Amino acid sequence: MPVSLRALARRALHRVAEDGSELTQGWVDSSDAIAWHQEVQLIRDALDTSD
């Protein structure tokens, strides 16, 4: 994956996961929110390690 595309993906993930985003505020079940944040982190980690 091109470096520029990884940077865009990281910025997009940051925006949807930051405090105040609709995605972080709309969870009814906190365990779902935790699972979602863990998945986002897995994607971030993959972006950081991909060549």
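Trainee: Is Asp 32 buried, exposed or partly exposed?
Mentor: Asp 32 counts as partly exposed, because its relative accessibility of 40% falls between the limits of 20% for buried and 50% for exposed. Please keep in mind that this is a predicted model.

Trainee: Where is Asp 32 found?
Mentor: Asp 32 is found in helix 3.

Trainee: And how far apart are Asp 32 and Gly 20 in space?
Mentor: They are 17 Å apart, C-alpha to C-alpha. Along the sequence, Asp 32 and Gly 20 are separated by 12 residues.

Trainee: Stepping back, how many helices and strands does the protein have?
Mentor: The protein has three helices and zero strands. Read from the N terminus, the order of elements is α-α-α.

Trainee: What does the C-alpha trace span along its principal axes?
Mentor: The C-alpha trace spans about 35 × 15 × 10 Å along those axes.

Trainee: What share of the residues counts as buried?
Mentor: Of the 51 residues in the protein, 16% count as buried. The accessible surface comes to about 4000 Å², and carbon and sulfur atoms account for 57% of that surface.

Trainee: What does Ser 21 touch, leaving out residues up to four places away in sequence?
Mentor: With those left out, Ser 21 touches Arg 15 and Val 16.

Trainee: Is Arg 15 buried or exposed?
Mentor: Arg 15 counts as exposed, because its relative accessibility is 63%. Arg 15 has its place in helix 1. The C-alpha atoms of Arg 15 and Trp 27 are separated by 16 Å, and the two residues are 12 apart along the chain.

Trainee: Changing topic to charges: how many are positive and how many negative?
Mentor: The protein has 5 positive and 9 negative charges, and the mean positions of the two groups are 12 Å apart.

Trainee: How many salt bridges are there in the whole structure?
Mentor: A search of the whole structure finds one salt bridge. The side chains of Asp 48 and Arg 10 form this salt bridge, at 2.8 Å from N to O.

Trainee: What does that pair tie together?
Mentor: Asp 48 lies in helix 3, residues 30–49, and Arg 10 in helix 1, so the pair ties together parts that are 38 residues apart in sequence.

Trainee: What else can be said about the surroundings of Arg 10?
Mentor: Not counting residues up to four places away in sequence, Arg 10 touches Leu 47 and Asp 48. Arg 10 and Arg 44 are 34 residues apart in sequence, while their C-alpha atoms are 6.6 Å apart in space. With a relative accessible area of 30%, Arg 10 is partly exposed.

Trainee: Finally, what is the average pLDDT of the protein?
Mentor: The average pLDDT is 87, and 96% of the residues score at least 70.

Key. Residues are numbered from 1 along each chain as its sequence is written. This is a predicted model: local features need pLDDT of at least 70, side-chain atom pairs count only at pLDDT 80 or more; totals for chains, interfaces and linings use all residues. Side-chain values use heavy atoms; hydrogens and water are left out. Contact means heavy atoms within 4.5 Å. Helices (H or I, at least four residues) and strands (E, at least two) are DSSP runs, numbered from the N terminus. Buried means under 20% relative accessible area, exposed over 50%, partly exposed in between (1.4 Å probe, protein chains only). Accessible areas come from the Shrake-Rupley method with a 1.4 Å probe; for residues, only the protein chains shown count as cover. Lys and Arg count as positive and Asp and Glu as negative; His and the chain ends are not counted. The place of a charge is taken as NZ of Lys, CZ of Arg, CG of Asp or CD of Glu. pLDDT is the predictor's confidence in each residue, from 0 to 100. A salt bridge is a side-chain nitrogen of Lys or Arg within 4 Å of a carboxyl oxygen of Asp or Glu.
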